[in-house]
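Reader: Could you take me through the aromatic side chains of this model, with a close look at how the rings are placed relative to one another and to their surroundings?

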Amino acid sequence: MKILLTVACTVVLACTLADADSQEQKYLMAQPRDNALNQLVIQFLESFRESMVCANPDLGIPVLAPLKVDHLEMEIKQKLFQISGELNNLVVDGLNEFEIKHIDIKVLKLQLDFEFYFGAIRTKGKYKAKAKLIGLLPLTRFGSFRFDAKGLTVKGSASIAISGDKLQIRNLTVTPTLKSVRSDVKNVFLQPIVNFMFNRVVESVVPGLINNNQQEITQLIEEQLKPMLNEMLGAISLQDLIDMVSGGGGSGPVTCDRDVAL
């Protein structure tokens, strides 16, 4: 989510600079200008990727590579099953290993189209879960888990509205696709062979759930992420964004010693 926030902030800056530039240079060709703005965004994201091993207190961003979360609630409701529970000591590694596949700024729409590719996002931690399955008694389980998402593509667009120096995400579309997963969830079933088969079923089912339900997933991401982004952007002025990308005011991407950061 922090990566998407950075994308949103960067498109705000890039599009705003483009608007100012168009007022001063009315006869400048659009294509060279757009290429320069695209390059600005790419350079910023590359710098941000390198700084993800560090925290950025000015923006309230923790260390993202790896990302560590002490506690996270979860709830999944489907027709055939319901799962509620919590994840503890969660570690997510690989968020800084993304490739920038596509960046395109549409200046007149104040919009950024993007596509990122993650070779693998590796997750591990401990879980506690209560599950209710059709035809079975409720189950309560806990244990450790590892879960790797492989070949994750995140594609979408973000557009903004500017009112004075206040910034808001107007439209946000994020569509993920996934090649495969690797699952190792312990203690779901008491018999090792049954637990082994459960993980293989998870590996065969999850990519299809992601790739075949794009509309629902995109809507869910927008509903959850857009208000969060707008709340964070509400505290950031246009000058803050300029300082963030240019490095002024101490708010830009930072670099640090990975050993110290970890």
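Author: In this predicted model, F114 is buried, with a relative accessible area of 2%, and F116 is likewise buried, with a relative accessible area of 2%. The rings of these two residues, F114 and F116, have centres 5.5 Å apart and planes at 25 degrees, and because planes under 30 degrees apart count as stacked, this pair is a stacked one. Ring pairs extend the arrangement into a cluster that links F98, F114, F116 and F118, and over the face of F98 lies R49, at 5.3 Å from the ring centre.

The structure holds four aromatic pairs. Elsewhere, the charged end of R200 sits over the ring of F196, 4.6 Å from its centre.

The surroundings can be described through the largest nonpolar core, which has 45 residues, and in which M52, I103, F116, F118, Y127 and L172 touch the most other members. Several elements each supply at least two residues of this core, among them α2 (30-51), β3 (98-106) and α3 (192-211), while β4 gives the most, with seven residues. Leaving aside residues up to four places away in sequence, Y127 touches a set of residues that includes L87, F142, F145 and V185, together with the charged E86, R141 and K186.

Key. Residues are numbered from 1 along each chain as its sequence is written. This is a predicted model: local features need pLDDT of at least 70, side-chain atom pairs count only at pLDDT 80 or more; totals for chains, interfaces and linings use all residues. Side-chain values use heavy atoms; hydrogens and water are left out. A nonpolar core is a set of buried Ala, Val, Leu, Ile, Met, Phe, Trp, Tyr and Cys residues joined through side-chain atoms within 4.5 Å. Buried means under 20% relative accessible area, exposed over 50%, partly exposed in between (1.4 Å probe, protein chains only). Helices (H or I, at least four residues) and strands (E, at least two) are DSSP runs, numbered from the N terminus. Contact means heavy atoms within 4.5 Å. Rings of Phe, Tyr and Trp (its six-membered ring) pair if their centres lie within 6.5 Å; planes under 30 degrees apart count as stacked, over 60 as edge-to-face and the rest as tilted. A charge sits over a ring if NZ of Lys or CZ of Arg is within 6 Å of the ring centre and within 35 degrees of the ring normal.
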